[in-house]
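The sequence and the coordinates are shown first.

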Amino acid sequence: MLYNLQISFQSATPSLKLNLYTTLKPGNFSKHIPFRHTFAGIMQFSEVIGHSGLKKQLIQTVKEGRIPHARLFYGPEGNGKLALGLAYSTYLSCANKQAEDSCGSCPSCLKFAKLAHPDLHFIFPVATNATIREKPRSIDFLEEWRQYLLARHAYVSLNDWYEQIGIEKKQGIINANDCNEIVRTLGYTSYEGNYKFMVIWMVEKLYHAAAPKILKILEEPPDKTVFLLISENTDLIIPTILSRTQLLKVPPIDQEAMVSHLQTIEQAGTSDLQKIASLSGGNYIEALKYLEDAADETLTFTHFRNWMLASYLYKVSEIQTINAELAKLPKESLKAFLIYGIRVIRYCLHLNTPGHPEIVLRGKELEFVRNFSKYVTVSNAEALFGLFNEAIFHIERNAYVPLVLMDVSLRAGKLLQSARS
Ligand SMILES: [Zn+2]
């Protein structure tokens, strides 16, 4: 069978409708990845990826009543240290603590789940933006911060946060206003008569000159007050702050825990997930980016394969259906799709050249390129390159897209057939 691929166009085409538009949008390979997960939306230990030893350790300290008034969760980006800190605070406040986790359903747990508990306070780096033009404080960004954390289940990064609030070209800091805010907030008694939490995210961004304002309260906070400090680089923390905290090192997420979590959100083969987990270095944010890229590439490849197959077989109605879907893409995405075609043709040529360079493809995509390379030869490759480049040229100049695509389909089909005759 052609390309050794058994493809049903009837089943392939509807998925094209669903997927092309969403996966080939402009900025596809940018950092704006959709955050996909299957978390239940509750800030519990069970929702934190990996770190089983640390969870046990934290629960044990609570059981023994050893609650340090300032704890510093530190470790590299994407390891879940903030999520762990929030799970710890949820547990500490839970009215119905279980052996291994908070209950998840008492009034306190439900408020923590929404990050709306009145005794949960946040301080984080900010700067002026288009809305807050002077004297920015964390509290001015609180609603954005909550939404941001909930959407990412507390797996957050500094650059991503800056981008969220439109300060990516600036350096966010925790400034003197925020230090005053810390002292003021903790001066009030707890709303619910339980613990009060002051979470300071990225405490290394604390403006050094402002730090003395909080030294006293950090050392001797009011009763039942817990500081949860989060940091990625303890070397940058002011020593007088650092020495007042109890350190909790949070390592990168271990490979096994990462893979088993990724399995809950992605159907990809286990070997792919192993590779992604390994590439991510225990950083969940990175792992998600790899996952998205892999998914995008697989879909682009599938659509390209179906398109070329229909063209080769001269199945005009199939070609029309596929082209109609492609024509709906934004111009930049369509160009990216055609550029992908050029890349595939180049891979085919490499495969047909003795001593070809290493090809960075795997799985079904590699299988397809191997089969497709039987139809791409030195005699038709140049014409195929020309065809795709010409199409890009016309699309850039706003030519009528369905016509351009039909032209590519029919001429590419002929060229591919010529290699087999
Ligand atoms: Zn509870």
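The structure is a predicted model. Its open sheet is built from 5 strands in the order β2-β3-β4-β1-β5, and the pairing is parallel. β2 (120-123) and β5 (246-249) are the edge strands, each of which pairs on one side only. From one strand to the next, the twist averages 20°.

Strands of a sheet are held in pairs by backbone hydrogen bonds, and the pairing can be parallel or antiparallel.

## Strand β4

How many residues of strand β4 (residues 225-231) are buried? The number is 7 of the 7, so β4 is largely enclosed by the rest of the structure.

Two strands are joined to β4. Strand β1 (residues 70-74) runs parallel to β4 and is linked to it by 5 bridges. F73 has I230 of β4 as its bridge partner. Strand β3 (residues 196-201) is also parallel to β4, with 6 bridges between them. In this pairing, M198 is the bridge partner of F227 in β4, and K196 stands opposite T225 in β4.

β3 is mostly covered, with 6 of its 6 residues buried. On one side of the strand point K196, M198 and I200, and the other way point F197, V199 and W201; all are buried.

β2 and β3 run parallel and are joined by 4 bridges. Across this pairing, L120 stands opposite F197 in β3.

## A helix across the sheet

Which strands does helix α3 (residues 81-93) lie across? They are β1, β2, β3 and β4. The helix runs at about 170° to β4.

## Helices α12 and α13

Helix α12 (residues 284-313) packs with helix α13 (residues 316-327) at an angle of about 150°, and their axes are 8 Å apart. Angles over 145 degrees count as roughly antiparallel, and α12 and α13 are therefore roughly antiparallel to each other. Their crossing is left-handed.

The residues that meet are N306, W307, A310 and S311 in α12 and E318, I319 and I322 in α13. Sorted by class, this contact of α12 with α13 has 4 nonpolar, 2 polar and 1 charged residues.

## Helices α14 and α16

Another helix pair is formed by α14 (residues 331-351) and α16 (residues 378-396), which pack at an angle of about 170° with their axes 10 Å apart. α14 and α16 are therefore roughly antiparallel to each other.

On the α14 side, the contact is made by K331, L334, K335, L338, G341, I342, I345 and L349. On the α16 side, A381, L384, F385, F388, A391, I392 and I395 take part. By class, the contact of α14 with α16 has 12 nonpolar, 1 polar and 2 charged residues.

Definitions and conventions: Residues numbered from 1 in each chain as written. Predicted model: local features only at pLDDT ≥ 70, side-chain atom pairs only at ≥ 80, totals over all residues. Axes fitted to C-alpha atoms, helices over the stretch in contact; angles between N-to-C directions. Parallel < 35°, antiparallel > 145°, perpendicular 65-115°, else oblique. Left-handed = near helix turned anticlockwise from the far one by under 90°. Contact = placed C-beta atoms within 7 Å. Nonpolar A, V, L, I, M, F, W, Y, C, P; charged D, E, K, R; others polar. Buried ≥ 20, exposed ≤ 12 C-beta atoms within 10 Å, placed from the backbone. Pairing = 2+ DSSP bridges.
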